[in-house]
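Let's take a friendly walk through a protein fold together. Have a look at the sequence and the structure first.

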Amino acid sequence: MKESDIIRTLFGTTPPPEDDCYFLAPNRLVTTDSLSEGTHFLHEWSTPEVLAGKLVEVNVSDITASGGVPKECFLNLGLSPTSRKKDWVKRFAKGLRVSLHQYGMKLAGGDTFSSPTTQLALTVVGTVKKPWLRSGGKPGDYLYVTGDLGQSLLGYHSIKKNWKEKDFKPAIEKHLLPKSKQILLKPLSKYKIHACMDITDGLIQDAERLALASKGKLTIQVESVPLHPLAVQKLGVDFCLGSGEELELLFLSPNILPNEINSIPVTMIGRFESGKPGTKFLSEGKTYLPKTKGFLHFNEEE
């Protein structure tokens, strides 16, 4: 079963939520995200401090993509024979406090349990004046993405294949500890943001989700997508388009935005129009079909 099919099965006849966060009127956002050993990380690659930071960042990214500010959080900690050791717990706790302090967040509770492998889950509550929903896109909107794409996957391959040259260091850092774009929340709020999400499963999959939620057609110019040059050189265009855990913002706006905000590139990569919901990639004026969708949690044949 596909991930989307599993989610629909869980919700039964109730339509599943489409957004990064659940909006609790009048001004609250709630999100949760997990890191599972073997799926999202390996202890050989990630220190306790890095894992604590990444757990906070992926959740703050969801709050940011919904237009909010994180406030409180609840931690579920499944400790394995490796992570239940005193040194690991102390280092994780210190890293968590540092990351939470960075965003002015408070740890409000949670649960701790024994597990064969390390399982980390954080639920974050935030505040928002008016949420950015994936479903708010309007015909004529421009599609924007922050930063560049491909570094996270390049970082994964760099670690796995033991590429130790200094050129790969930024990509390795982005893979192990991607950063939310909370710093862009205030300046972006000066513009009309009709729909927004963060890129966690790659542009190919996430753009499709944005188009389906907004019930329209996204046309993306491949040449306009800001792909990291070294990632393109080592992995190719298609793998960069499918690179996940980038935590870059993907959003729709009717405004013409500057090319850079707070030293972070903001690039127009396409247009949203009425039509059959979905995504179409163009390259040199012709339809472009990427050879990969990016990482899939579940085999569609299962």
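The report below covers a sheet, the helices on it, and another helix.

## Before we start

This is a predicted model, where local features need pLDDT of at least 70, side-chain atom pairs count only at pLDDT 80 or more, and totals for chains, interfaces and linings use all residues. Residues are numbered from 1 along each chain as its sequence is written, and side-chain values use heavy atoms, leaving out hydrogens and water.

## The sheet

Five strands form an open sheet with mixed pairing, in the order β1-β2-β5-β3-β4. Strands (E, at least two residues) and helices (H or I, at least four) are DSSP runs, numbered from the N terminus; two strands pair if DSSP finds at least two bridges between them. At the edges stand β1 (22-24) and β4 (106-114), each with a single partner strand, so one side of each has no neighbour in the sheet.

How do β2 (residues 28-36) and β5 (residues 119-127) pair? They run in the antiparallel sense, over nine bridges. Leu29, for example, has Gly126 in β5 as its bridge partner.

## Helices on the sheet

Helix α2 (residues 48-65) packs on the sheet and touches β2, β3 (69-79) and β5, where contact means heavy atoms within 4.5 Å.

Helix α3 (residues 86-102) lies across β3, β4 and β5.

## Helix α4

Which residues of helix α4 (residues 151-160) are buried, meaning under 20% relative accessible area with a 1.4 Å probe, protein chains only? They are Gln151, Ser152, Leu154, Gly155, His157 and Ser158. Their cover includes α5 (169-176) and α8 (229-235). After α4 comes Asn162, with a positive phi near 60°.

Definitions and conventions
Axes fitted to C-alpha atoms, helices over the stretch in contact; angles between N-to-C directions. Buried < 20%, exposed > 50% of the residue type's maximum accessible area, 1.4 Å probe, protein only.
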